[in-house]
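Hi,

Here's the structure I said I'd pass along.

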Amino acid sequence: MVFVLDTDITTLAFQNNEGVTAQLSARSKEEVAISYATWLEIMRGRIESVIKAATGVELLRAVTRLADSEQFLAPFAMVPIDEAVADRFDHLRALKKLNKMDRGDVLQAAIALANAATLVTRNTKDYAAVPGLKLDNWAV
């Protein structure tokens, strides 16, 4: 694994964004992964849509999207949250310059750093303050 896709980029891939799909096509399956954090964020959103459905039509649409998301994510290798990630997470959370950074973003950065991977994101501005983090934006 060389590249870890964040939630935004993974969502763009799901929506067939031209730039993202071109980059995915140019890479081998072994080079690209999603993090467990990305999987959690996407599935949480889909599950919340099912739970919050107010009509039968909304419910069926939400369940279909949940199933489509599961099917889309299944082929990707998933980078787990392990002890190395937890250590990096604690280290990053201790940095004053990252105090205002969203914890989900800190977790994504910790996963990429702990696995010596490049984080693929559109959110390069917010991640730029993370020391040692390699970034790439495939949505341009």
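Setting aside neighbours within four places in sequence, Leu92 is in contact with Leu98, Val106, Ala109, Ala110, Leu113, Val130 and Pro131. Bear in mind that this is a predicted model. Leu92 also stands out in the largest nonpolar core, which has 20 residues: together with Val130 and Leu133, Leu92 touches the most other members. Helix 5 (83-93) and helix 6 (103-114) each put at least two residues into this core, and helix 6 gives the most, with seven residues. There's also a second, separate core of 16 residues, including Val20, Leu24, Ile34 and Phe76. As background, nonpolar side chains in soluble globular proteins tend to be buried together.

Next, a residue from helix 1 (residues 7-14): Thr7 lies in that helix. Is Thr7 buried or exposed? Thr7 has a relative accessible area of 16%, so it counts as buried, the cut-off being under 20%. Again leaving out neighbours within four places in sequence, Thr7 is in contact with Ala37, Thr38, Glu41, Ile42 and Gln108.

Leu40 sits in helix 3 (residues 36-52). With a relative accessible area of 36%, Leu40 is partly exposed, because that class runs between 20% and 50%.

That's what I have for now.

Cheers

Terms used. Residues numbered from 1 in each chain as written. Predicted model: local features only at pLDDT ≥ 70, side-chain atom pairs only at ≥ 80, totals over all residues. Heavy atoms only, no water. Core = buried A, V, L, I, M, F, W, Y, C linked by side-chain atoms within 4.5 Å. Buried < 20%, exposed > 50% of the residue type's maximum accessible area, 1.4 Å probe, protein only. Helix = DSSP H or I, 4+ residues; strand = E, 2+ residues; numbered from the N terminus. Contact = heavy atoms within 4.5 Å.
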